[in-house]
Amino acid sequence: MPGNWWLINRAYFIFMIRELTSVFIAIYLVLLLILINRIAAGPDAYRAYLAFLATPVMRAFHIVALAAALFHSITWFTLAPKGLAVRLGERRIPDAVIIGSNFAAWIVVSVLLAWIIL
Amino acid sequence: MKHSNEPIWWSLFAAGGVVAALMVPVLTLLTGIAAPAGWAREAFTYDRVAALVSHPLSRLLLFVVISLPLFHWAHRFRFTLVDLGLKGARSTIAIACYGAAVVGTVLAAFVLISL
């Protein structure tokens with residue numbers, strides 16, 4: 001199989017984008033860890049790092065990373081029922097219920113974190 | 001039957017997928033975009049951020065948020081590289097990817113403990 005199989009059709013291409021969202025998420029988490037390390041280093045280090053994060057390249061990176069993270073969340077929550085069939089007794093819980101509660105949990109967690117941080 | 005570590009890697013991948021899906025978008029927006037742009041300035045003053053981050057529960061949460069999605073990345077990236085044609089280097093790729101996630105986890109633990 002040639003290495004460019006994922007360019008052949010749209011479904012493969014979207015699959016590849018979904019795989020690559022994890023790269024942006026991982027890089028963001030490394031930058032977050034550095035932020036924590038800079039906070040530990042003191043106020044000047046913290047401010048200098050925020051200034052670095054405000055440069056155009058880093059700003060652009062975070063916008064792309066946010067899009068990647070949203071794409072990951074949406075696909076992860078939407079595909080979850082396909083990965084695990086949740087059953088209540090004999091009855092399989094409908095996909096829409098699982099997807100709906102995933103999105104509800106996402107909103108609750110996001111609002112809670114924003115409330116704590118802001 | 002040959003002993004396999006695959007269930008462990010898969011569990012870390014799945015847990016990391018959930019953690020990333022629930023928390024990474026809001027964190028990216030707040031720490032990656034809002035704080036550097038100077039939005040909600042009073043929320044991101046040094047004293048406030050330092051106090052928030054050093055709380056034991058925050059440290060625990062940050063450890064989970066940083067570590068598990070790194071294993072999620074490792075698992076996905078490993079198979080992506082193999083799918084892109086690097087089949088010959090299968091085990092080297094696995095060691096490099098999971099190894100990077102382990103290094104990230106150790107660094108995260110170190111940074112968060114020494115806060």
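**Entry on a loop in chain B.** I began with Ala40(B), which I found in the loop between H1 and helix H2 (46–54) of chain B. I must keep in mind that I am reading a predicted model. The phi of Ala40(B) is near 50 degrees, and I noted that this is a positive value in a residue other than glycine. I marked this because most residues other than glycine have a negative phi.

**Entry on helix H1 of chain B.** Where does helix H1 (residues 6–37) of chain B bend? The bend is at Met23(B) and amounts to about 45 degrees, and I saw that a proline, Pro25(B), follows within four residues. I next picked Ile33(B), which is found in helix H1 of chain B. Ile33(B) counts as partly exposed, because it has 18 C-beta neighbours inside 10 Å. Leaving out residues up to four places away in sequence, I listed what Ile33(B) touches: His62(A), Ile63(A) and Leu66(A) from chain A, and Thr28(B) from chain B. I also looked up the pair Ile33(B) and Gly104(B), which are 71 residues apart in sequence and 23 Å apart in space, C-alpha to C-alpha.

**Entry on Pro56(B).** I placed Pro56(B) in helix H3 (residues 56–83) of chain B. With 9 C-beta neighbours inside 10 Å, Pro56(B) counts as exposed, because the limit for that class is 12 or fewer. From Pro56(B) to Glu6(B) I noted 50 residues in sequence and 32 Å in space, C-alpha to C-alpha.

**Entry on the two chains together.** How many residues of chain A are in contact with chain B? I recorded 40 residues of chain A, in contact with 42 residues of chain B. On the chain A side, helix H1 (10–41), helix H2 (43–53), helix H3 (56–83) and helix H4 (95–117) each supply at least two residues. The largest share of that side, 15 residues, comes from H1(A). When I sorted the residues of chain A that touch chain B by class, I had 31 nonpolar, seven polar and two charged.

**Entry on two helices of chain A.** H1(A) and H2(A) pack at an angle of about 145 degrees, and their axes are 5 Å apart. I noted the crossing of H1(A) and H2(A) as left-handed. In this contact, Ile34(A), Leu35(A), Arg38(A), Ile39(A) and Ala41(A) of H1(A) meet Ala45(A), Tyr46(A) and Tyr49(A) of H2(A). By class, I find seven nonpolar residues and one charged residue there, with no polar ones.

**Entry on confidence.** For chain A the mean pLDDT is 91, and 93% of its residues reach 70 or more; for chain B the mean is 94, and 97% of its residues reach 70 or more. Which part of chain A has the lowest confidence? It is strand S1 (residues 87–88) of chain A, at a mean of 64, whereas H2(A) has the highest, at 98. I reminded myself that where pLDDT is low, the predicted coordinates should not be read in detail.

Note on methods:
Residues numbered from 1 in each chain as written. Chains lettered and ligands numbered in written order. Predicted model: local features only at pLDDT ≥ 70, side-chain atom pairs only at ≥ 80, totals over all residues. Contact = placed C-beta atoms within 7 Å. Nonpolar A, V, L, I, M, F, W, Y, C, P; charged D, E, K, R; others polar. Axes fitted to C-alpha atoms, helices over the stretch in contact; angles between N-to-C directions. Left-handed = near helix turned anticlockwise from the far one by under 90°. Bend = angle between axes of the 7 residues up to and from the residue. Buried ≥ 20, exposed ≤ 12 C-beta atoms within 10 Å, placed from the backbone. pLDDT = per-residue confidence, 0-100.
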